[in-house]
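Student: I would like to learn how to read a protein model. Could you walk me through one?

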Amino acid sequence: TSCFLPLAFLPLPDLLPPPLPFSAFLSPPFSAFVDQVSSSRFGRFRGGTVRSMPPRKRQRSEHADTSSEGSVFSSPMDDDEGEETFPIAADGGEGVPCFHPALSSPDQQVASHTPNEWDSSHSKGADFEGGAEVEEARIHINSSITNDDPSVKDQQFPLLRDRFDCFEESDFSFREDLDRMLAFALGTHGRAGNNSLVRFLNSNVLQMILCCELTIGPTRYYKTLTSALSCGSARCATLVKVYVEPGLHMLESEVEIKEPTRLIIQSLAPCSVSEEKTIFSSLHGRPLLRLSCSDAKVHVSNIDFVFKNEGPSTTDLKQRCIWITEGKLLLQRCNITSDTGIGICVLRSGVIRVDECEIKNCGFVGIASAQGGVAEIVNKCKITGNRHFGILATDSGSCSMIQDSEFSGNGTYGIGVGAGGQLKAFNCDISNNQVGIISKGFGSHVSLRGCQINRNSRIGVGVREGAAAMVQSCQMQKNLYGACVSNFESIISLHKSDLSENLTHGLGASDGGTAEAFFCTMQANQVGVVSKGRGSTVLLNSCQSNKNLRIGVGIREAGKAKCVQCEMVRNQYGVCALNSGATVSLLKCVASHNERYGLSSSDGGFVQATDCVFENNLQLGIGAWHTESRVVLLRCIAKGNGRTGLASRVGSNVVATDSAFNSNQQFGVYVSGESSVITLKNCTANSNGLYGVGCSESGLAQAADTVLEKNQQAGVVSKDIGSAVALRNCIASSNGRIGVAAIVGGHVEAVGCVLKQNERVGIGAWHAGSKVTLLKSEASDNGATGISAIDGGVLRAVECKMIGNRRVGVVARDGNSVVSMHKCVSNQNGRIGAGARGQGSIEAVECCLSENAQSGIIAQDEGSKVALVQCSLDGNGSFGISVRSGGLAEMVGCMIRNNICAGAYACHLNSRVAMWWCNALNNGHASLNARDDGFVKLFGPSATGGNVIQHVPCEQESAAPLGCQ
């Protein structure tokens, strides 16, 4: 009798702690703990639960100091030493099956089969002797629970852990339940002996009080779930198990769980028989299941919920099949269908975990979490065919976590997050929706990892109106748009993701949105990356935007892009900045093998590139078009392109520093069009198929400290009226024909330049209107001529040197061609220092024309003219000055000496030399020599002593063969 005496004295529910956890409710971080408990001496309590009274009546067990027996906890009964306490289990380590009475009939045995997680709780415990062992085990269990090992969490969802603290709170763990159960167990058996009858009897009593098992079905005592849960035994038990027979169960009213119970609802249909289903359904427009108690925990498995509403409100989007406002619900291997409204709705403090379930064909949303609700969808769930959303997380504090699940065929969005909701997904398939994932509204956040977001008819991932998304190791392919972000303060961040084969673009930012991508691939889209609209920004690092049908990276309408160590390969255009305000910044990028241009700036776009390579593009490496379009290059290379390395046209502006434009098939650098400007600083333009630098149609090229070598035709060419090239401290050498040329009206100005070893001409002006100005420059060792003006060109040289050219230092040839020199030197040339012929003119002031192989200067052909002022003609191989075939020479204050044949020589009719105040000394056989009707006039005092000398025959006939040829 005494063994039952405490039941009469004490309110037993007040003594009992809240329920224990069952393992199906444990989230992944606690799986290790469950395994430890199931194999320990306390494993018997894993599946058990203890009912607690409502909060207003509940009295929590008090922790006490370690007692003399060594126990850590004591129960309220410890104060009465005269009472015999209640034992929990049998002695000798045999134990009793926890909360399961003996089952005899086959139906009862089938009904006793619980979920896998529940089955593992039947491990048999050992004895409870020794308080020290109990204390050690309790400490071990507590440490397992409190160990928040970051590595365990990071294995699944390393992204933005700090942004999803709510998921850590949603773990289905009962730590406090376990502590209180241990305290109760220790307190109730501490003074009973191992073989005590009290212990054995009280163990059975506890089992009957704590657990209730019921079966519902057409032939059972309980026909409906509502009637079963309303019975007295279910209302008094802590843990209620309800087994449901297969078949269709029509619910007359919603099943609402509003008591702090622990409930398991499980189908009796074998999982292996797919034809035999257990279905809950309703035609009354009310939820099939509602959970509205914060301390309630419910586990439902292998049951289908089919919600139909045949009334007038078939389009009511607020209808709910399953509704959780408080408490926790676990669904395993269930199917949920709602022809109107929402399949599962979780609100406020409610938490749901959906495991290996299918939610389909819902009229509005498959699963919705709002007003702070938390939804977890794991382990091969399928959310398909819903009218608008597969899953929706909305309102601040609402969270959804998805893992290893499929979202496909939903009418609008596979996944939607809005109004501050948060969602993270791992290893999911989100395909064949209109929009795969949308994150909308300030505070809304999506984190994705290892997901397949493919074949959505519009957008793979969309972020807008201030929302955010992080995407890692995901695939967004064969959508209309791979990933899009729009509106100010919206941001999407991608890492190691593949955005390929989308019909329009892979990654896009518009209307102020920001997109950043690291180690991502965008290929086989129309456009790989797009940034459109003021404030829109794309940040790319170590990405590949290759093989897109049109553009690798396209920025327009004031959008911005920053690319670091990226590839834009085999597109039609590698990088484009289009429209005023569009800005692209490139660092250590490669744009190669594109069908047209590697880099393009047009209609006012701006591009800045540093340490980049633009090679092997079929047309241009770099191109700028239209007024206000600008390109700035630093340490860049444009080589091997089909036409031009760098081009500026139609009013654009390009600045290149420390860059190389080599081995392009036509031009290294080309500028054309009025107001188009290219500025080169410390650059090279070498080995190009035509010109190193070409300028035409009123374009302007400026180059400083630049090398132009080994181009097949010319180092620099300025062509057409209005075109101009300005060179400072440049080198044009070893070019195929000409170092520098102004043709067809073009202008060239060169200061401090070296023009050497070119195949024919160092520098020249060809055609009427063409002008070349040289200052402190050198034209040496060229294959034919140092400097020249031909066909009406004009060349002016100041303080220049023309030395060692193979034939002539200076040439003016054909009508109106003029070469004007001041303080110049034309020495040691292979034939002549300076020559005017075919009506060309040379003007020289304070110049030196010496040590040339034949003559210092000549005027040949009628109309050709040479005018020399204070010049020196010394040591030439034949004559100091030679005039032939009707040419004219005028000399003032010149010094003519030490020439091999004669100082001045006039030959043929109308060939004339006029000399004022000149000295002709120590010249071969004669200082002055005229023959064949040529004549020399000498004015003023001279070294010969005569005032005027006319018609003086040549005294040295042998000198004729040495004349200019």
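Student: Which strand does V869 lie in?

Tutor: V869 lies in strand β71, residues 865–869. Strands here are DSSP runs of E with at least two residues, numbered from the N terminus. Before we go on, two notes on the source. This is a predicted model, in which local features need pLDDT of at least 70 and side-chain atom pairs count only at pLDDT 80 or more, while totals for chains, interfaces and linings use all residues. Residues are numbered from 1 along each chain as its sequence is written, and side-chain values use heavy atoms, with hydrogens and water left out.

Student: Is V869 buried, partly exposed or exposed?

Tutor: Buried means under 20% relative accessible area, exposed means over 50%, and partly exposed lies in between (1.4 Å probe, protein chains only). V869 has 31% relative accessibility, so V869 counts as partly exposed.

Student: Which residues make a nonpolar surface patch with V869?

Tutor: A patch is made of residues with over 30% relative accessible area and no salt bridge; nonpolar side chains (Val, Leu, Ile, Met, Phe, Trp, Tyr) are joined within 5 Å, and like charges within 9 Å. Here V869, V892 and W917 make a nonpolar patch of about 250 Å². That area comes from the Shrake-Rupley method with a 1.4 Å probe; for residues, only the protein chains shown count as cover.

Student: How should I read a sheet?

Tutor: Strands of a sheet pair through backbone hydrogen bonds, either parallel or antiparallel. Two strands count as paired if DSSP finds at least two bridges between them. Take the open sheet of 3 strands in the order β72-β75-β78, with parallel pairing. Because β72 (872–874) and β78 (919–921) each have a single partner strand, they stand at the edges, and one side of each is left without a neighbour in the sheet.

Student: What joins β75 and β78?

Tutor: Strand β75 (residues 895–897) pairs with β78 in the parallel sense over 3 bridges. You can find one place to look at I896, whose bridge partner in β78 is A920.

Student: And how many salt bridges does the structure hold?

Tutor: Side chains of opposite charge can pair when their charged atoms come close. The cut-off used is a side-chain nitrogen of Lys or Arg within 4 Å of a carboxyl oxygen of Asp or Glu. The structure holds 16 salt bridges. One of them joins the side chains of K241 and E213, at 3.7 Å from N to O. K241 is in strand β2 (residues 239–244) and E213 in strand β1 (residues 211–216), so this pair ties together parts that are 28 residues apart in sequence. K241 is buried at 0% relative accessibility, whereas E213 is partly exposed at 28%.

Student: Which parts does the salt bridge of R262 and D295 tie together?

Tutor: The side chains of R262 and D295 meet at 3.5 Å, N to O. R262 lies in strand β5 (residues 262–267) and D295 in strand β7 (residues 289–301), so the pair links parts 33 residues apart in sequence. R262 is buried, with a relative accessible area of 1%. There is also a network of salt bridges linking K440, R464 and E465.

Student: Finally, what does S733 touch?

Tutor: Contact means heavy atoms within 4.5 Å. Leaving out residues up to four places away in sequence, S733 touches L708, E709, K710, K756 and N758. S733 sits in strand β55 (residues 731–733) and is buried, with a relative accessible area of 2%.

Note on methods: Helices (H or I, at least four residues) and strands (E, at least two) are DSSP runs, numbered from the N terminus.
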